[in-house]
Amino acid sequence: MTQPDQRPTVTITVDGAALRAREGEMLTTALARHGLLRLRRSPNAGTPRGAFCHMGVCQECALHVDGAIRQACLTPVSAGMAVERRGVL
Ligand code: FES
């Protein structure tokens, strides 16, 4: 039987907008729950890219977290983190 998620809900910002997420969940999970599947654009073709492997191998989930490039699938959510999906919008 699955236990309900007991982790506290925190607020992060994504492209300047407030978003609620569970503390400690992977950033890709939090973004996907809110329908944010496009995380960046390909530097060559300009096509939208999103999480693929979810285990730190493909680099498709790279985005900016508090000003540094991070892999969203390996980055746990913490209160107040600022996420930027540069070039996606
Ligand atoms: S989804 Fe592949 S490295 Fe994050």
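User: Hi! Which residue stands opposite Thr 13 in S2?
Analyst: Hello! Thr 13 stands opposite Ala 18 in S2. Strands here are DSSP runs of E with at least two residues, and helices are runs of H or I with at least four, numbered from the N terminus. As for the basis, this is a predicted model, where local features need pLDDT of at least 70 and side-chain atom pairs count only at pLDDT 80 or more, while totals for chains, interfaces and linings use all residues. Residues are numbered from 1 along each chain as its sequence is written.

User: Thanks. How many bridges pair S1 and S2?
Analyst: Strand S1 (residues 9–14) and S2 pair over 6 bridges, in the antiparallel sense. Two strands pair if DSSP finds at least two bridges between them.

User: And what is the strand order in the open sheet?
Analyst: The order is S2-S1-S7-S5-S6, 5 strands with mixed pairing. Strand S2 (17–22) and S6 stand at the edges with a single partner strand each, so one side of each has no neighbour in the sheet. On average, neighbouring strands are turned by 40° against each other, direction ignored; the axes are lines fitted to C-alpha atoms, for helices over the stretch in contact, and angles run from 0 to 180 degrees between N-to-C directions.

User: What about S5 and S6, parallel or antiparallel?
Analyst: Antiparallel: 4 bridges join strand S5 (residues 62–65) to S6. Leu 63 has Arg 70 in S6 as its bridge partner. Their hairpin has 2 residues between the strands, and Asp 66 there takes a positive phi near 50°.

User: Switching to the core: which residues have the most contacts inside the largest one?
Analyst: Leu 27, Cys 61 and Ala 72, in a nonpolar core of 15 residues. Helix H1 (residues 27–33) gives the most to this core, with 3 residues. Such a core is a set of buried Ala, Val, Leu, Ile, Met, Phe, Trp, Tyr and Cys residues joined through C-beta atoms within 7 Å.

User: Why is Ser 78 counted as partly exposed?
Analyst: Because Ser 78 has 14 C-beta neighbours inside 10 Å; buried takes 20 or more other C-beta atoms within 10 Å, exposed 12 or fewer, and partly exposed is in between, with C-beta atoms placed from the backbone. Ser 78 is in the loop between strand S6 (68–71) and strand S7 (82–84).

User: Last one: what is the mean pLDDT?
Analyst: The mean is 94, and 99% of the residues reach 70 or more; pLDDT is the predictor's confidence in each residue, from 0 to 100.
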